Amino acid sequence: MTSHPQIRQTKLNAGVRLATADDIPLIASLTNAAFSIEAFITGTRTDEPGVAEMMQKGIFLVAENPDHRVVASVYIELRGSRAYFGMLAVDPSQQGTGLGRLMVEAAENHARQHGCSFMDITVLSQRPELLPLYRKLGYTETGTEEFHPNRPLKPGVKCHCITMSNPL
């Protein structure tokens with residue numbers, strides 16, 4: 001199967017490519033759907049201006065299904081010899097299919113191609129179920145840091161970030 005050079009076809013029938021400004025509404029919508037489980041935050045996880053602002057500091061990769069519908073996204077920021085990924089979002093109807101792993105691998109490959117030796121992520125303490133998933137991908141806890149939400153937390157909720165890292 002021949003594909004566009006920026007799109008890598010996978011066994012999941014998803015092509016991963018660099019997001020463009022045209023993808024901003026899709027990324028915001030997908031992220032809010034995927035993060036709707038985070039009931040401890042007031043409102044939605046992000047919005048179009050927030051995604052656009054992130055694109056000024058880093059990039060997003062998106063995965064498309066064969067119908068060219070965006071079904072997953074991930075944010076990547078290069079930080080010298082380290083890279084950071086966050087806002088990993090998979091369409092709720094596609095969760096459990098391996099798309100999350102595909103996107104993490106794509107983010108790590110992007111970082112390697114840019115000379116990074118480590119990939120970092122922060123996991124919110126309110127989402128402890130994510131820690132074993134990232135451990136299975138080779139990430140280990142390296143510390144904690146303060147959480148600076150862009151939306152208010154619900155009253156009485158305490159939350160911090162758990163930092164994790166993986167050598168590339």
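Of the 168 residues of the protein, 46% count as buried, buried being under 20% relative accessible area, exposed over 50%, and partly exposed anything in between (1.4 Å probe, protein chains only). The model is a predicted one, with local features needing pLDDT of at least 70, side-chain atom pairs counted only at pLDDT 80 or more, and totals for chains, interfaces and linings taken over all residues. Residues are numbered from 1 along each chain as its sequence is written, and side-chain values use heavy atoms, with hydrogens and water left out.

On overall shape, the C-alpha trace spans about 55 × 30 × 30 Å along its principal axes. The accessible surface comes to about 9,000 Å², and carbon and sulfur atoms hold 53% of it (Shrake-Rupley method, 1.4 Å probe; for residues, only the protein chains shown count as cover).

The protein has four helices and seven strands, where helices (H or I, at least four residues) and strands (E, at least two) are DSSP runs numbered from the N terminus. Reading from the N terminus, the order is β-α-α-β-β-β-α-β-α-β-β. Taking a contact as heavy atoms within 4.5 Å, residues 24 or more positions apart supply 62% of the contacts with a separation of 6 or more.

Helix H1 (residues 24–34) comes next. Its buried residues are Ile24, Ile27, Ala28, Leu30, Thr31, Asn32 and Ala34. An α-helix has 3.6 residues a turn, so residues three or four places apart point the same way. The cover over the buried residues of H1 includes helix H2 (48–57) along with strands E2 (59–64), E3 (70–79) and E4 (82–90).

Helix H3 is where Met103 sits, and Met103 counts as buried because its relative accessibility is 0%. Leaving out neighbours within four places in sequence, Met103 is in contact with Val16, Leu61, Val62, Ala63, Ala72, Ser73, Val74 and Leu88. As for Val62, its C-alpha atom is 8.0 Å from that of Met103, though the two residues are 41 apart along the chain.

Glu108 also belongs to H3 (residues 99–113). Glu108 is buried yet has no salt bridge, and the nearest side chain of opposite charge, that of Arg112, is 4.1 Å away. For charges, Lys and Arg count as positive and Asp and Glu as negative, while His and the chain ends are not counted; a salt bridge takes a side-chain nitrogen of Lys or Arg within 4 Å of a carboxyl oxygen of Asp or Glu. What Glu108 does have is a side-chain polar contact with the side chain of Tyr139 at 2.7 Å. A polar contact here is a pair of N or O atoms within 3.5 Å; within protein, one must be able to donate a hydrogen and the other to accept it, and residues adjacent in sequence count only if both atoms are side-chain atoms. Not counting residues up to four places away in sequence, Glu108 touches Met119, Tyr139, Asn166 and Leu168.

The side chains of Asp120 and Arg82 are joined by a polar contact of 2.8 Å. Beyond four places in sequence, Asp120 touches Arg82, Ala83, Tyr84, Phe85, Met164 and Ser165.

Salt bridges number seven by the rule used here. One of them pairs Asp91 with Arg69, the closest N and O atoms being 2.8 Å apart. This pair links distant parts of the chain, with Asp91 in the loop between E4 and H3 and Arg69 in the loop between E2 and E3, 22 residues apart. Asp91 is buried at 13% relative accessibility, whereas Arg69 is partly exposed at 38%.

Glu77 forms a salt bridge with Arg79, with 3.1 Å between the closest N and O atoms. Glu77 is buried at 15%, and Arg79 is partly exposed at 45% relative accessibility. In the salt bridge between Arg127 and Glu129, the closest N and O atoms are 2.5 Å apart; Arg127 is buried at 11% and Glu129 partly exposed at 38%. Finally, salt bridges that share partners tie Arg17, Asp23 and Glu64 into one network.
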